[in-house]
Protein chains: 2
Amino acid sequence: MSGFSDLSPLFDPRSVVLVGASERAASVGGRTLSNILDHSEFRGALHLVNVTRSEIRGRACHRRVADLSEVPELAVIAVPAAGVMEALRDCAALGVKYVIILSSGFGETGEAGRLVEAEMQALARASGMRLYGPNCPGVTNINKRLGFTFSPAFSHDLRPGPIGLATQGGGLGRNLLQSMERGTGFALWCSTGNEVDLQVADFIHYMAGAPDVRVIGTILEGIKDGPRFLAAARAAAEAGKPIVALKVGRSAYGTRAAASHTASLTGSAEVNSAAFRQLGIIEVDDIDELVDVASLLARGRPRGGERIAIFGSSGGACALAADMVGQAGLVLADLAPETTAALAEKLPPYAALGNPVDTTTVTLTNPGVIEETLAAVANDPAVSLVMMPMPLDYGSVSQTVAERMVAAQTRSPIPLVPVWMSERTGAAYRCFAEAGMVPMRSLRNAAKSFRCFIDHGAWQPGILPRGLGAGLPEAPTRTLSEAEGKAMLRAAGLSVPQGRLATSTEATAAAATELGFPVVLKIASAEILHKSDMGGVALNLRDAAAVRDAFAAVTRAAAQHHPAARIDGVLVERMAPSGGVELLLSVSRDPVLGHVMTCGLGGIHVELLRDLSRRLLPVDAAEAQRMLRELRGFPLLQGMRGAAPCDLDALCQSMAALSALVEAQPERIEEIEINPIRSGADGAQVLDAVVTLRG
Amino acid sequence: MSGFSDLSPLFDPRSVVLVGASERAASVGGRTLSNILDHSEFRGALHLVNVTRSEIRGRACHRRVADLSEVPELAVIAVPAAGVMEALRDCAALGVKYVIILSSGFGETGEAGRLVEAEMQALARASGMRLYGPNCPGVTNINKRLGFTFSPAFSHDLRPGPIGLATQGGGLGRNLLQSMERGTGFALWCSTGNEVDLQVADFIHYMAGAPDVRVIGTILEGIKDGPRFLAAARAAAEAGKPIVALKVGRSAYGTRAAASHTASLTGSAEVNSAAFRQLGIIEVDDIDELVDVASLLARGRPRGGERIAIFGSSGGACALAADMVGQAGLVLADLAPETTAALAEKLPPYAALGNPVDTTTVTLTNPGVIEETLAAVANDPAVSLVMMPMPLDYGSVSQTVAERMVAAQTRSPIPLVPVWMSERTGAAYRCFAEAGMVPMRSLRNAAKSFRCFIDHGAWQPGILPRGLGAGLPEAPTRTLSEAEGKAMLRAAGLSVPQGRLATSTEATAAAATELGFPVVLKIASAEILHKSDMGGVALNLRDAAAVRDAFAAVTRAAAQHHPAARIDGVLVERMAPSGGVELLLSVSRDPVLGHVMTCGLGGIHVELLRDLSRRLLPVDAAEAQRMLRELRGFPLLQGMRGAAPCDLDALCQSMAALSALVEAQPERIEEIEINPIRSGADGAQVLDAVVTLRG
C-alpha cells in the first residue's frame with residue numbers, strides 16, 4: 001500500500017496563504033487570521049487574500065491567489081462556499097500542494113453540495129493538490145503552537161504533549177482537547193470534515209511518522225477506504241505507536257445516526273472490532289475512556305502482565321478499588337516483605353499493610369508519611385502501576401496530600417495514577433492535573449483503562465490485514481453445488497469426506513459399496529440450500545438396500561418441495577465418524593474492510609449465544625488457534641466432560657487452507673460457509689459447504 | 001419481622017447531650033460542638049458534658065451525664081475510646097434512649113476493641129438503649145440542617161433534597177454528598193461504623209417511613225443480619241421508595257478487602273444480586289452511577305417502557321448518544337409529525353429533525369431557538385426522557401444555552417437530562433447543577449442510568465423474600481441416599497421415576513421386570529456421590545439378562561472404588577424417555593440471606609457459561625417461570641432447532657414444590673441438588689438428587 005503523501009506542510013508550513021482573510025472577529029476568516037497572528041507562533045511567510053481589501057491589520061492583501069508572486073506551501077480557505085471552487089482552481093494553477101478548506105456548505109447540506117465536492121475531487125486528482133476538508137476545523141498543532149483554524153477555543157487548549165488526534169466530528173474532537181483540564185497533553189488535532197480527499201487514515205499515517213506523536217487517538221464514524229485505513233494502522237503498529245479508537249456505530253441506532261451524519265458506510269461493528277484487535281488498535285467504549293487510555297499510554301509503555309498496587313486512606317474506597325481490579329480481571333501485586341516492613345514503620349498499627357494498602361487517615365493529619373510509604377509501594381519490584389483512590393476533596397488538606405503524591409511520582413519509574421472520585425475538583429485535583437498525572441474520574445474507568453493498557457502490552461502482532469477483497473464493485477454472484485464447492489475445498493487442502501455424484505438408484509448403491517458403509521446421501525442441486533429441512537438428506541445408511549430406499553426418498557422429497565429445481569443427482573459420501581465437535585467456519589466479504597473469517601461452535605453456540613470469533617484475512621494456523629481460544633466454548637474442543645480432545649492442529653490447518661484459498665482469488669470469491677466442519681480426535685472434516693462466487 | 005425502633009430522635013431530637021464537648025477546634029468534641037452551634041439550626045435543648053470544664057463557649061458544662069437534671073432524647077459521645085463505656089453506662093442509668101458514638105478505637109483496632117463492643121451490645125440489650133456507632137461520622141440531617149457529626153465538611157455539603165443515604169464506609173458516603181456539586185440534593189446521611197447495634201437495615205427502615213425521603217441510596221460492604229436487611233428493603237418497597245445500592249465484594253479481591261475492612265461476612269455476590277432484583281433494589285456498578293440513578297429517580301418516577309429523545313447541537317455527539325442508547329437496549333421515541341414540523345420551522349434546512357435531533361450549532365449563534373425546539377421535543381407524547389449531549393464548554397455561549405435549557409425544564413413535565421461530556425466544568429455546568437438538573441458525566445453513564453431507571457419502572461414485586469434459613473448456627477450435616485432423597489422429593493410433589501431398592505441379582509431383575517423395561521441401575525449408597533464417574537450407573541437396560549450383568553458390574557465397581565462404603569443395594573428405575581432438556585435445580589443456604597434456589601440448563605451451560613438464575617425462597621410457579629426466562633439458554637426449553645417445546649408449567653410446578661418443601665422446614669434442610677431434572681414435552685422428572693440435612 002502506498003499513496004500516502006507527506007502531510008508535514010499541513011502541520012508546519014513554511015508559507016501560508018489565507019484566502020478570505022478578514023478583520024471581522026466574528027467571521028471564519030477573521031477568527032482564523034487572529035489565531036495565526038495573535039495565538040500562534042508562526043514564523044513563516046503569511047499571505048492574505050481578500051477580494052475587496054488591499055490591506056488588513058496593516059498587512060498587504062491580494063485580490064486573488066493568482067496574484068501572489070510566490071507559491072505558498074499551504075492554502076487555508078475561509079471564504080463562503082460559493083467562492084471556494086474559484087480559490088481552489090487558483091491554488092491549483094499556482095502550484096499550491098496543500099489546501100485546508102475550512103468553509104462549510106457542501107456535502108453536509110445536500111445533493112448540490114455533493115456535486116461541488118465531486119468537482120473538488122476531480123481537481124485534486126488532476127493537479128496532485130491534497131485537500132483537507134471542507135467543513136473541517138483545520139489544523140491545531142499544539143506542540144508547535146500553530147493554529148490554522150477558525151476555532152475561538154484554539155487559544156484555550158494549548159497544553160502540549162505526545163498524543164495526536166485525528167477525529168471525525170469536530171465537537172467530539174474538541175471535547176478530547178478539553179480533557180487538558182485534567183492534565184492530558186496533546187501534540188496536534190485534526191478533524192477530517194467531509195473527507196473529499198484526505199481521510200482519517202492519511203492523518204494516522206502522518207502521525208505514525210511524526211516524531212512528537214507517541215500515542216494516536218481517533219474517533220471514527222465511518223471508514224471511507226478500508227485498505228487505506230488498514231495501511232495507516234499498520235504503519236502506526238510498525239512505528240510502535242498505539243492507536244486508541246472510539247468507533248461510533250455499535251448499535252443499530254448508532255449506525256443509522258452516524259451514517260446520516262457523515263453520509264458514509266459505517267461497516268459492521270463486529271468486523272471493525274476484529275480488525276482493531278488484529279492491528280493492536282485499542283477500542284474504547286466512550287470518549288472519556290479514550291482519554292483515560294491514551295493518557296496512560298503517554299505516561300508509560302505496557303509490557304503485558306502488569307500488577308497493580310492500591311494505595312489510599314479510605315478503607316471503603318480501597319475495598320471498592322480492589323473490587324474493580326478483580327472485576328476487570330486484573331492482578332494485585334503481592335508486596336515484598338521489605339515493602340510491608342517499610343510501611344509498618346510509618347503507619348499506625350491498625351493500617352492495612354497488604355494490597356490494598358489502607359494508610360488510614362493518618363495521611364491527612366500527617367502528610368509527611370505519604371512520600372515514603374508511597375515510594376516503598378512504587379519501588380516494590382512486583383508493582384507496575386499504583387492506583388490511588390481519592391474519594392474526597394478536603395480542600396487544603398487534600399492539596400497537601402496531592403503535592404506529596406506528585407513529589408513521589410517524580411522519583412518513581414512507574415505511573416502513580418490518582419483516581420479522583422469526587423465531583424468536587426479543587427486545588428488537589430488541579431495539582432495532579434498540572435503535574436500531568438491525569439486523574440481518572442472513577443474507579444471503574446481506572447480499572448478498565450488499566451485493562452486496556454495491560455492487554456495492549458500483551459498484544460503480539462500476527463500477519464497484519466491488508467483489506468483483501470475490500471471495495472469491489474457490485475457484481476452478480478452464483479452459488480456452487482455442494483459437490484462443486486466441496487471439490488474446491490478439497491483441492492485447497494481441506495479434508496472432505498470421500499464422495500461420488502450418482503444419478504440412478506443402482507449407480508448410487510454401487511458408489512456406496514465402493515466408498516464403504518455407512519454412507520450419507522444428499523440431494524445434489526445448487527438450487528436447494530436447506531436440504532435437511534425438506535428431507536433431502538439421509539444419514540448413516542448401513543447397506544445397499546438402505547441406500548436404494550434413501551435414493552427414492554430424497555429424490556421424491558426434492559421433486560415435491562422444489563419441483564422446478566435443477567437436480568444433479570445425489571451426493572454419496574462416507575459417513576463421518578460419530579463424536580467430535582461441530583463448528584461453523586466461514587469467510588465473507590465486508591464491503592469496507594474485505595474478507596473476514598468467522599468461526600464458532602455449532603448449534604446453540606452460534607444461534608443462541610453468538611459465540612463467534614472473527615479475523616480479517618489472511619489467517620494462518622497460529623492466528624486460527626488464537627481465534628478458537630477466544631471462544632467461550634473453547635474448552636469443548638479440549639475435550640470437556642470426558643470427551644477426547646479434538647485435533648486442534650488439523651482444525652487450524654483447515655482454517656489456514658481456507659484463508660489461502662480466498663487470498664489466491666479475493667475478487668472471485670464472495671463467500672464460503674462451511675457448516676458444519678467436524679473437529680474430532682481424528683482431524684477436521686468439511687461436512688457441508690456453500691461456496692458463492694462473484695461474476 | 002419487627003424489632004425496628006423509631007429512629008426519628010436520632011435525626012431530629014428535642015434535646016441532646018454532647019459528651020466530650022470541647023472548645024478545641026481540632027478535637028472531635030470541638031468540631032461536633034461547632035457543627036451544632038455554628039452550622040446547624042438546632043432549636044432543642046443542648047447539654048454539654050466535659051469532665052474538666054464547668055463552662056464552654058459561655059454554656060454551662062456538666063462533669064458527667066449522671067449530673068443532668070433532665071433526660072435528653074439523644075446522647076452524642078465524642079470522648080476518647082477509654083471513656084466511652086462509662087458515658088454509656090451513665091446514659092443507660094439516666095434513661096437515655098438513643099446514643100451516637102462518634103469515638104473510634106474499638107473493633108477496627110483489634111481484639112481488645114471487639115471485647116469492649118461486646119460490652120456495649122450487652123448494655124444496649126439490657127437497657128433498651130439504641131446505639132449508633134462507634135467509629136461513625138454521626139448524623140447529617142440536611143433537610144433540617146442538623147449535624148451531630150464531627151466532620152469539618154458538614155457545613156460544605158448542605159444542599160437539601162429527597163435522597164436519603166445509609167452507607168458503610170464514611171469516605172464513600174461523604175463522596176456521595178460531594179456530588180451536590182452537580183446539583184444532587186440529599187435529605188440525610190448516616191454511615192454505620194462498627195454496627196454494634198443499629199445497622200444499615202435500621203436506617204433504611206427509618207427512611208422508608210421518613211416523609212422527606214423519596215429515594216434511598218446505600219453502599220454496603222457486608223450485610224450483618226440478612227433477614228433484617230430484607231425486612232427493611234421490603235418496607236421501602238411497600239412505601240414505594242426505590243433503593244439504589246452499591247455492594248462491594250463482586251470479585252475475590254473486593255470480597256477479601258471488604259471483609260478485612262469491616263470484619264463481617266460479605267456474602268455471595270450472586271445471591272446478593274438476586275435478592276436485590278427480587279426486592280426491586282437497583283444495583284449499580286460504581287459510586288458515580290449511584291448518584292446518576294438516584295438523582296434521576298429524585299426527578300421523576302419511571303413507569304417502564306420509557307422512550308428517549310436525543311437533542312443536541314453536535315452531530316457527532318448525537319450519533320454517539322444514539323449508539324449508547326442502542327447499546328443499552330433502550331428505545332428512541334418516534335417523533336410525531338407535529339414535532340418535526342415545529343422543529344423544521346425553527347431550525348436550518350440541514351439540521352437533522354429525526355431522533356436524534358441535531359439542531360446544528362445554530363443554537364450557539366441563535367440560542368433563542370432552543371426553548372421552543374426543546375419544548376416541542378419534550379412535549380411530544382412519545383417522549384419520556386430527553387438526553388442532551390453537551391460535548392463542550394464554550395464559556396458564556398454554553399452558559400446561555402444552559403439557561404435556555406433550564407427555562408425549558410421549568411415548563412416540561414419530563415426530565416431533560418444534560419450530559420456534560422467535557423472535563424471543563426464552567427458556568428453552563430454550574431447553571432444545570434444549580435437548577436437541580438444533575439448533569440450526567442458521560443454518555444455511557446447516562447444511558448446506563450436510563451436503563452436502571454426504566455427497568456425499575458417495569459419491576460413487578462413477586463413474593464418478597466424474608467430470609468428463610470438465614471443466620472442458623474453451625475450444625476453437622478448428613479447426606480441422604482439417592483433413594484431416600486428421591487422419596488422426599490416425591491412426597492413433596494415432584495415427579496420422580498418409579499424405582500425399587502434391591503439387594504440381590506434376582507431381586508433386581510424382578511424389580512426391573514415389575515417396573516417395565518428399559519431400566520436404569522444405580523449403586524445405592526449415601527457414601528458414594530459421583531456414581532457415574534466410577535461405573536456405578538448402568539443406563540438403558542432392555543431385558544432381565546442385561547440387568548443381571550449390570551448388577552454384577554455396578555456392585556463390583558463400588559467394591560473396587562469405595563471398599564469401605566456402606567452399600568444399601570442398587571436402585572432400579574424406569575429409564576426416562578429420551579429427548580428433552582436437562583437442568584440443574586438446587587436450593588442451598590446462603591449464611592447471610594438464607595435459602596436460595598438456583599436453576600440452569602445442564603452441561604456446558606452451567607459448567608462453561610455459568611448461565612444460572614437465582615432467587616431467595618419462597619419461589620412460586622410464576623417466579624419460577626421468570627427465573628427460567630432469565631436464562632440465555634431459555635429458547636432451548638421452548639423447542640429450538642425443531643425439538644418439541646418442554647412442558648414449562650410442569651417444570652415450574654416442580655420448582656415451586658421444591659421451594660415449598662424447604663419452606664416447611666428451613667432449619668432442617670441444608671441443601672438439595674437435583675442434577676439433572678429432565679424437562680420434556682411430557683413433564684419434568686428428577687433423575688438424580690442429593691439431599692443434605694442439618695443435625
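Buried means under 20% relative accessible area, exposed means over 50%, and partly exposed lies in between, with a 1.4 Å probe and protein chains only. By that scale R57(B) is partly exposed, because its relative accessible area is 39%.

This is a predicted model, in which local features need pLDDT of at least 70, side-chain atom pairs count only at pLDDT 80 or more, and totals for chains, interfaces and linings use all residues. Residues are numbered from 1 along each chain as its sequence is written, chains are lettered from A and ligands numbered from 1 in the order in which they are written, and side-chain values use heavy atoms, with hydrogens and water left out.

## Chains and symmetry

Chain A has 24 helices and 29 strands. Helices (H or I, at least four residues) and strands (E, at least two) are DSSP runs, numbered from the N terminus. The C-alpha trace of chain A spans about 100 × 80 × 35 Å along its principal axes. Of its 695 residues, 61% are buried. Contact means heavy atoms within 4.5 Å. Among contacts in chain A between residues at least 6 apart in sequence, 71% join residues at least 24 apart.

Chain A superposes on chain B by a rotation of 180° with 0.1 Å of shift along the axis, at an RMSD of 0.2 Å. That is the relation of a two-fold axis. Both copies use the same surface: 100% of the contact residues of chain A recur in chain B. The superposition is by least squares on the C-alpha atoms of residues with pLDDT of at least 70 in both copies.

## Nonpolar cores

A nonpolar core is a set of buried Ala, Val, Leu, Ile, Met, Phe, Trp, Tyr and Cys residues joined through side-chain atoms within 4.5 Å. The largest has 109 residues. Which of its members touch the most others? They are I308(A), M387(A), I308(B) and M387(B). Leaving aside residues up to four places away in sequence, M387(B) touches residues including I308(B), F311(B), V417(B), L443(B) and F450(B).

## Cavities

A cavity is a set of points, on a 1 Å grid over the protein atoms alone, where a 1.4 Å probe fits but cannot get out; lining residues have an atom within 4 Å of a point. Points are joined across faces, edges and corners, and a volume is the space filled by probe spheres set on the points. The whole structure holds six cavities of 30 Å³ or more.

Lining residues are classed as nonpolar (Ala, Val, Leu, Ile, Met, Phe, Trp, Tyr, Cys and Pro), charged (Asp, Glu, Lys and Arg) or polar (the others, Gly among them).

| Cavity | Volume | Lining by class |
|---|---|---|
| Largest | about 310 Å³ | eight nonpolar, eight polar, twelve charged residues |

The largest cavity is lined by 28 residues. Nearest its centre lie D288(A), R441(A), N445(A), D288(B) and R441(B). Elements giving two or more residues to this lining are α5 (170–177), α10 (287–299) and α17 (443–458) of chain A, together with α10 (287–299) of chain B. The largest share, four residues, comes from α10(A). The second largest cavity is lined by chain A residues, including T479(A), E482(A), S525(A), K531(A) and V690(A).

## Backbone exceptions

Most residues other than glycine have a negative phi, and most peptide bonds are trans. A cis peptide bond joins N355(A) and P356(A), with omega about 10°. P356(A) lies in the loop between α12 (337–346) and β16 (357–358) of chain A. The bond from F517(A) to P518(A) is also cis, with omega near -10°. P518(A) sits in the loop between α19 (505–515) and β21 (519–524) of chain A.

R57(B) is not a glycine, yet its phi is positive, near 45°. R57(B) is in the loop between β3 (55–56) and β4 (59–62) of chain B. N135(B) has a positive phi of about 60° and is not a glycine either. Its loop runs between β7 (130–132) and β8 (139–141) of chain B. N135(B) counts as partly exposed because its relative accessibility is 29%.

## Two sites in chain B

Is T360(B) buried or exposed? T360(B) counts as buried, because its relative accessibility is 11%. T360(B) lies in the loop between β16 (357–358) and α13 (362–365) of chain B. Beyond four places in sequence, T360(B) touches G312(B), S313(B), P348(B), Y350(B) and A351(B).

R114(B) lies in helix α4 (residues 111–127) of chain B. At 38% relative accessibility, R114(B) is partly exposed.

Methods. 1 Å grid on protein atoms, 1.4 Å probe; cavity = no way out; pocket = protein on both sides within 12 Å on 5 of 7 lines; lining within 4 Å.
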